[in-house]
Amino acid sequence: MTGQEKDGFEPRLAERISRLINWGHWFTFFNILLAMVIGSRYLIDNGLPDSFLGLLYTAATWAGHFAFLTFILYIVTLFPLSILVPLPRLIRFAGALVATLGQGVLLADTFVFGQYRLHLNGFIWDLIASGEGQILTKHYFTWMALGGLMVLIFALELTAGNYLWKRRHRFKEKRIGFNVATAFVACFFASHSLHIWADARLYYPILRQGAVFPLSYPATAKAFLASHGLLDMEDYQKRLRDAADTDSLLKLPKTLAPFEKTPKVLLVVVEGLRADALNGDVMPNLEALADGGLRFNQHFAGSNEPKDGLFSLFYGLPAVYQDAVRLGRDPSLLVQSFRDQGDALGIFASDGFKQNGLDQTAFQGLDIPHFQGSVATRDQEALNALLAWTAKQQGGYFGYLQLGAPASFSTPQDYSNPYQPDWQVVNLAELDNQSDITPVKNRYLNAVHYADGLLGQLIDKLKASGQLDDTLLLVTSDHGMEFNDNRDNSWGYNSNFSRYQTQVPLVIHWPGMTHQVINHITSHQDILPTLAGSAFGSQVPASTFSSGASLFADTGPGWVILGDFHQFAVLQNDRVLVMDKMGQYSIRDNNYQPLDQAHVRVGTLMDALKELKRFYR
């Protein structure tokens with residue numbers, strides 16, 4: 001108590017506010033330390049880096065981020081309350097209540113992060129509030145323990161608040177407040193500065209830590225540094241390609257070799273090929289191949305766009321793992337295993353991987369030829385190069401051909417273009433709900449028809465040379481293509497997770513296998529484990545390197561994960577659940593219409609969320 005309070009005089013209003021604000025700062029400091037203690041659980045779950053700079057960044061972020069969050073909470077709650085209602089006992093009680101809620105949310109988030117590697121968001125809160133499924137019943141004792149801890153935290157906050165109120169003058173006399181505040185501010189700016197530096201220098205012990213803390217968004221500034229001459233982007237790209245000695249973030253085997261068989265594999269990806277394009281009119285050559293081989297009627301790419309769509313094919317994993325693969329420089333086990341076998345690799349893509357970035361992931365370090373001219377012309381050149389390459393091979397090999405004509409609506413100038421009327425110049429950005437679909441789709445079908453002609457050339461050449469008899473030939477796509485099919489002004493791809501944008505053909509010519517039509521749901525994640533087990537004879541269990549299952553047996557989980565970390569979907573036979581990074585979600589039917597009354601299938605979702613975490617170290 002002050003001298004005035006001891007003499008029985010009430011301090012002036014301004015002085016009372018000043019005392020409360022002074023107390024609020026020390027109460028905030030106490031809660032920063034408490035938040036750091038609770039937040040240390042993230043460090044235990046995520047692991048610590050093994051370099052000095054990595055540890056320095058971790059320590060700076062740990063202190064700076066929780067200081068920032070706690071101070072912001074004080075500014076928006078206790079600070080205005082101290083001015084509007086300057087009653088010490090009420091403010092201390094309110095402070096204990098607000099702090100308990102904040103620390104309780106943080107504590108709950110550490111449990112959720114530990115189990116699912118996700119932070120609390122609106123979706124998780126909805127599940128908790130609904131009382132549905134396993135998140136409450138399975139972890140009943142966990143939530144009981146959290147309730148008990150909340151009571152303890154509230155008691156601790158009340159005790160700390162009263163203690164600090166009585167001792168505030170001593171702290172003020174020691175004049176350490178400024179130094180403490182300066183230290184936390186320095187940590188906050190140091191953590192973001194270190195991340196900007198690490199992002200520009202590709203320093204992985206810092207980058208691979210990611211946003212481990214809730215509401216954490218590490219700063220990057222490559223574009224700013226480059227615009228001011230502080231970063232050479234060409235040198236950056238070179239270092240990105242040449243980066244080595246980086247530790248993997250994932251628990252994956254190094255290779256699937258040795259193989260029991262010596263396979264010849266040709267994988268053809270026709271970009272932007274929607275599932276219903278596979279029919280006898282538009283694609284007679286692929287249709288004929290499907291009639292004699294394996295046809296998968298409900299097959300899905302890894303996502304609705306090129307990069308994520310093909311990642312799942314080459315890695316057998318959901319595209320959520322793509323950032324970890326890029327940071328850890330993990331090779332594709334499909335490609336790496338052929339390398340380890342000493343078999344030949346031939347990569348031929350008309351666009352040079354500008355869209356899907358496979359040259360920095362699955363095909364890193366491989367020589368990749370480049371082609372000139374229009375997309376349709378480059379497709380023909382890529383096919384010619386593949387055929388010349390296969391003719392030289394002896395023994396096993398892996399050949400990859402990527403045709404871009406359908407996704408680019410491209411045909412040669414002298415092509416017949418059988419579907420009319422068609423758009424001469426395609427600009428999807430000009431289209432809206434009133435646009436006529438016919439000429440746009442006809443242009444697409446002409447490009448698909450042209451690509452099918454190239455597939456016909458490939459099949460005929462393989463037949464003529466006798467190679468088709470012992471070559472496993474797969475034809476699929478990276479994503480589908482939508483033409484406002486649902487009348488929601490969606491054109492092209494990468495705008496939603498409808499079946500038009502995610503379902504693609506999969507046709508396999510598998511020597512020794514008779515014709516089969518597979519109608520259960522399959523995905524690109526299933527291709528690698530199927531090839532490894534059934535075609536290559538690898539003894540490595542599929543569950544150790546893939547989220548997928550065999551393409552042939554309907555023994556999978558009954559759902560497919562699409563998309564990446566920012567937005568992903570869990571697709572089932574009758575619905576798709578779409579969720580973004582902030583936890584906003586919707587459930588839609590097979591026509592991508594909202595199912596407003598549908599409930600989340602919690603068991604399915606929890607299994608899917610665990611699959612998104614299972615391969616992290």
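**A sheet and a buried threonine**

Analyst: Let's start with the open sheet: four strands in the order β12-β13-β14-β15, paired antiparallel. Strands here are DSSP runs (E, at least two residues; helices are H or I, at least four), numbered from the N terminus, and two strands pair if DSSP finds at least two bridges between them. This is a predicted model, where local features need pLDDT of at least 70, side-chain atom pairs need 80 or more, and totals for chains, interfaces and linings use all residues. Residues count from 1 along each chain as its sequence is written, and side-chain values use heavy atoms, leaving out hydrogens and water.

User: In β14, what is the bridge partner of Val570?

Analyst: Strand β13 (residues 567-571) runs antiparallel to β14 (residues 576-580), and five bridges join them. In β14, Val570 has as its bridge partner Leu577.

User: Is Thr110 buried or exposed?

Analyst: Thr110 sits in helix α5 (residues 88-116). Buried means under 20% relative accessible area, exposed over 50%, and partly exposed in between (1.4 Å probe, protein chains only). Thr110 has 0% relative accessibility, so it counts as buried.

User: Which residues does Thr110 touch, not counting those up to four places away in sequence?

Analyst: Contact means heavy atoms within 4.5 Å. With residues up to four places away in sequence set aside, Thr110 touches Ile38, Arg41, Tyr42 and Asp45.
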